[in-house]
Amino acid sequence: MATTTFSIVTPEALRFEGQAELVIVPGSEGELGALPRHAALVTTLKPGIVRANTVGPDGKTVVRREFAIGPGFAQVLPESVTVLVDAAWEKPEVDVESTRAELRALRERPSNSEAEVEAARISEQVLAAKLRVAGGHE
Amino acid sequence: MPSVRDLRDRIKSLKNTQQITKAMKQVAAARIRRAEAAMRAARPYAQRMRAMLDDLVEKGGKIDHPWLQPARAGRPLGIVLMTADKGLAGAYNANTVREAERFARGRQGESIVWYAVGQKAAQAVRRAHGELGANWVLVSKERPMVEQARLIAERLAGDFAGGQVGEIAIVRPRFVSMLTQRPESARLIPVEREAGGERAATLSAVEFEPDGVTVLSALLPKYLEFTIFAAMQETLAGFFAAQLLAMTNATDNAGKLIDELTVAMNSARQAAITKEILEIAGGAEALRAAGH
């Protein structure tokens, strides 16, 4: 099967780069699945989960990988999918208890302005995505 | 000629200094590895973000944004001067400050708003110009560097949007190698188009979601934020490299001086002993001559 080069990059690291059969990103206009030879596209991303069916070095084994992400961007080209985000977490990187505590604290904190409400909404979505990736959502 | 005791005191104080410079050298050597690794880890992001931005600017067609317009004449020029927070790194900070002054002189006649990142930059601007648009430390105890960069970018974007400045430039040190760091100036806003968009030529059309303007409006502030973040990382890595070199030289120089002073002290001591023996011998001779 044809593959596309999938990479997920944060300012602190190249988190993943490899071949994938399918990449699904949480586009601001809804989930967006990219197969190889997808038309060129640039989209903003909302907090959520990036899923990729990555192909191992033998070209056969397919490994499903999931990353919780904050807001960012994705660039889809016929031969590649690039996800640019501030931060990304895979399951082992999420501490379920502390993430839950953070989420509770966030929900109790009052917001004083529209900007604060918006920032809190985004943080909440990021935390929820982290919990979902870790399988610890309520 | 200094006395043996004077020389011994100077050697002692030099040894203390040498111990401090040696400790600082070791600290710099330990930190540079992490700082340099962090700097390298940010490169893939830089390349990809630039590629995305070029695609947008080239293929977005008519999408427009104030940051892509030519600089607004008649408004002050904002200069971000970035240095380390601390000194004891040779001419590292001073060179960057000098480059900023040179850059400012090249824009004579324009009023300038100074922004300082790093305590040394803030001190230099205050000394030379008195006032400062805003300043931040390079390494904050309260927040990670990414967030510090975001705060700086937000302030700069706000000042540009509010018309306090019509153009923003940055002067900061470039990490060329462990031995060489060179100050460099570049424009931050308006964002300059990079020459030679080879990848753009291979694509006929690019779709944008939700639309070009929205994507660009989100991407440009991110680009600014990241450019500042990368510059901060580079400034920190360069600082440790410069400090490592400065402290290595200081330790070596102290060692050389200690050697020289030790030789001087030994010959002074020897001279004193010789003199004493001569006196004793002279005395004995005098007594013998007196007929005892």
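Which residue is the bridge partner of A:Leu41 in S6(B)? It's B:Glu207. Keep in mind that this is a predicted model.

**Where the chains meet**
- On the chain B side, 23 residues are in contact with 19 residues of chain A.
- Three elements of chain B each give two or more residues to the side that touches chain A: helix H2 (43–59), strand S6 (207–209) and helix H7 (212–289).
- H2(B) gives the most here, with seven residues.
- As for the make-up of that side of chain B, you'll find 18 nonpolar residues, one polar and four charged.

**A strand pair across the chains**
- Strand S4 of chain A, residues 41–45, pairs with S6(B).
- The two run in the parallel sense, and three bridges link them.
- The partners A:Leu41 and B:Glu207 from the opening question belong to this topic.

**The largest nonpolar core**
- This core has 96 residues, and B:Ile79 and B:Leu81 touch the most other members.
- H7(B) gives the most to the core, with 20 residues.
- Setting aside neighbours within four places in sequence, B:Ile79 is in contact with B:Ala100, B:Phe103, B:Ala104, B:Ile112, B:Trp114, B:Tyr115, B:Ala169 and B:Val171.

**A hairpin in chain A**
- Strands S2 (residues 13–27) and S3 (residues 30–34) of chain A run antiparallel, joined by five bridges.
- Together S2(A) and S3(A) form a hairpin, with two residues between them.
- To find your way around the pair, look for A:Val25, which stands opposite A:Leu32 in S3(A).

Note on methods
Residues are numbered from 1 along each chain as its sequence is written. Chains are lettered from A and ligands numbered from 1 in the order in which they are written. This is a predicted model: local features need pLDDT of at least 70, side-chain atom pairs count only at pLDDT 80 or more; totals for chains, interfaces and linings use all residues. Two residues are in contact if their C-beta atoms, placed from the backbone, lie within 7 Å. Helices (H or I, at least four residues) and strands (E, at least two) are DSSP runs, numbered from the N terminus. Ala, Val, Leu, Ile, Met, Phe, Trp, Tyr, Cys and Pro count as nonpolar, Asp, Glu, Lys and Arg as charged, and the others, Gly among them, as polar. Two strands pair if DSSP finds at least two bridges between them. A nonpolar core is a set of buried Ala, Val, Leu, Ile, Met, Phe, Trp, Tyr and Cys residues joined through C-beta atoms within 7 Å. A residue is buried if 20 or more other C-beta atoms lie within 10 Å of its own, exposed if 12 or fewer, and partly exposed in between; C-beta atoms are placed from the backbone.
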